[in-house]
Every structure is written in structure tokens, then in C-alpha cells.
Amino acid sequence: MTAPAALTGLSAFPLTPIRDGSLDEAAFDGLIDRLVTAGVDSIAPLGSTGVGPYLSVGTRAFVARAAVERAQGIPVIVGIGALNQRDVLANAAAAEEAGAAALLLAPVSYHPLTADEVVELFRAVTSATDLPVIVYDNPGTTHFTFTTDLYGRLSELDGVAAIKIPGLPLSAGEWTQRVADIREATAEGTAIGVSVDAYGADGLLAGCDGWFSAIGGTLPEPMLAITRAAQSGDAYLARELSAELQPLWDLFAAHGGSLRVGAAIAEHLGLVTGDSLPAPLRGLDAEAKRAVAEVIDALGLR
């Protein structure tokens, strides 16, 4: 079975820019317009890059509506993860009402969740919506570790359409085996998406259906170039284009991921005004921002 169109290709994760404690609507609209112009395959607001769990249910509903309204028909995949299952369900209902194409569910927790609790969370969501649900495996933010067996259990739920797996530093053969193992463990037709941007090319070349790209929400064009090369079967070009971005990947590694670096890039390019992260999150310091700007300028990224 072929993966749904909304779950293939490049899914770009935009920031949710904050200004003076509230959503910067103009900046958010500009980020969505940028993705539409680039021609990404789907837009995924309110994931880890979009800091969904830091926002109220009402703000998240507004963001979902704004994204769909400006997406010009590009599928919108809305992040719905929250600490409380009540809020998860409210987020799912708001996203469905807004016209989202799919839901992205991360098992957010304060007290560590058990595998059974995660299964029941997904069961509650899939029972409450007709939208396809994507399993969002992001141990760096949720501190929950999925197993391949758990992927399989979740894929058996009616409504779970895809698994987003985190990228790892594996050889090409190990990547191919990893994707094959997940396909064998999951229900027929379950799409697989790769995340962690440094491994986007590796995951796509190993057979993943899509790339869930954090920095693609700010810099869509180079990520689209990698995606299209991989989709066309040009492994050399896909890996070469990714290797050219190694200084960017190094920044992510140095600063604990893409969020703060992505916000600094958006600020450097004039896409957001000042520090755009919700408190208590803070942007990079001035010296680190200068280093980010130097890399962006040296790579010619705009």
C-alpha cells in the first residue's frame, strides 16, 4: 500500500514565533508563506520545532487554523502532544475543525510513561478523530523511548498511519536494515518518516517515505533539494548536498538540537523579531548567534 501523499516527501516544521509573550501572527504567516513558495510537500506546525506543549489550547487552535488558511492546499500536519490527555484530545478536535490533513502525536510526559499508557493515549486519540495519526518518536524532547515492538502495537490501531523515527549515525546498510525491520513489525501501509536533519538523506535513501525536517520549516529550499535527489534515486547527490550542510548540522550538535539554532537563523534572516521562543526557553547568546550567522552566510543560505 502506498503512503498517503501528506506523509511523503518533505514535511517542514515551522517555528511558532513569540513576541512580547504572545504569538507573533505576522511572523508566523510569513514563515508559512515561505514554505508555500518553496513548494514543500506538507507543513507541520506545533511539533517540537513549533513548541506546541508550551502553548495554550486556544493558541494552538489559532495556529492550526492560520496554517491551514495560508497553506494554499498544501497538507498541514498539526502537532497535538500535551501533558494531559484532555488537552491532547482538545488539540486534536481543534486541528480537525481547522482542516488539518493529519495529526502528529508525541507522548509528552512529566512522570515517565509506560508502553501501555502510550498505547492507550493513541487509542483515545484514534477513537476520537477520523484524521490519520502519526506516531512522533522524539526521545530528546519527550524522554520516552519507543521500541520496534511498540511501533508494531501502535500501527495496529485503526487510524495510526505513520511512524516518525529519529535519525541515528548508522551506515547505509544499517539504515536499510532498520527501515526493513520497522516495516516488518508494522501493519501494511504504515508510512515511515525520518527526523533529525543531519540524517534526512540517509533515511530517505534507506526507504523512508518522508522527511520530517525541523530546519526545513525555516530553510525549505536546501532540504527540498536533498529530498528530491533522494526521491529520484540519486544517492550521490543527496548525500553530497547533505554533506555540504555539515557546518549547520554541527551547530545543531553543539547547541542541543535545532530549536535554538533555527530561531537564531530566523532572526538573522529577518523572519522573526528578536528572541522568538516562549519563556522559559531562551535563545542563543550574542556570541553563538554571531557564529550561526557566519555559517548561514558562508553557506549562502537564505
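1. A cavity, as the word is used here, is a set of grid points where a 1.4 Å probe fits but cannot get out, whereas a pocket is an open set. About 40 Å³ of such space lies in the second largest cavity. The structure, which is a predicted model, holds two cavities of 30 Å³ or more.

2. The second largest cavity is lined by Leu46, Val57, Arg60, Ala61, Ala64, Val78, Gly79, Ala90, Asn91, Ala94 and Ala95. Helix H2 (57-70), strand S5 and helix H3 (85-98) are the elements that give two or more residues to this lining. By class, the residues around the second largest cavity divide into eight nonpolar, two polar and one charged.

3. The largest cavity has a volume of about 50 Å³, and its lining is made up of Arg260, Ala263, Ala264, Glu267, Gly274, Asp275, Ser276, Leu277, Gly283, Leu284 and Lys289. Helix H12 (residues 259-268) gives the most to this lining, with four residues. Four nonpolar, three polar and four charged residues are found in the lining of the largest cavity.

4. Turning to the sheet, eight strands form an open sheet with parallel pairing, in the order S4-S1-S10-S9-S8-S7-S6-S5. Its edge strands are S4 (42-43) and S5 (77-79), each of which pairs on one side only.

5. Helix H4 (residues 115-128) lies across strand S6 (102-105), strand S7 (133-136) and strand S8 (160-166), and it runs at about 160° to S7.

6. Which residues does the UniProt annotation "active site" cover? According to that record, which is an unreviewed entry, they are Tyr136 and Lys164. Although these residues are spread over 29 residues of sequence, they cluster in space, with a largest C-alpha distance of 5.2 Å. Both Tyr136 and Lys164 are taken in by the lining of the largest pocket, and the place of Tyr136 is in strand S7. Please bear in mind that UniProt annotations may be inferred rather than shown by experiment.

7. The largest pocket itself has a volume of about 1,100 Å³. Of the 46 residues that line this pocket, Ser48, Asn138, Gly140, Thr141 and Gly256 are the closest to its centre. The elements that give two or more residues to the lining are helix H5 (139-142), S8, S10, helix H11 (246-254) and H12, and the largest share, four residues, comes from H5. The lining of the largest pocket divides by class into 24 nonpolar, 17 polar and five charged residues.

8. Two places in the backbone deserve a look on your side. The peptide bond from Ala279 to Pro280 is cis, with omega near 10°, and Pro280 is found in the loop between H12 and helix H13 (286-299). Val51, in the loop between S4 and H2, has a positive phi of about 45° although this residue is not a glycine.

Key
Residues are numbered from 1 along each chain as its sequence is written. This is a predicted model: local features need pLDDT of at least 70, side-chain atom pairs count only at pLDDT 80 or more; totals for chains, interfaces and linings use all residues. Side-chain values use heavy atoms; hydrogens and water are left out. Two strands pair if DSSP finds at least two bridges between them. Contact means heavy atoms within 4.5 Å. Axes are lines fitted to C-alpha atoms, for helices over the stretch in contact, and angles run from 0 to 180 degrees between N-to-C directions. On a 1 Å grid over the protein atoms alone, a cavity is a set of points where a 1.4 Å probe fits but cannot get out, and a pocket is an open set with protein on both sides within 12 Å along at least five of seven lines; lining residues have an atom within 4 Å of a point. Grid points are joined across faces, edges and corners, and a volume is the space filled by probe spheres set on the points. Ala, Val, Leu, Ile, Met, Phe, Trp, Tyr, Cys and Pro count as nonpolar, Asp, Glu, Lys and Arg as charged, and the others, Gly among them, as polar.
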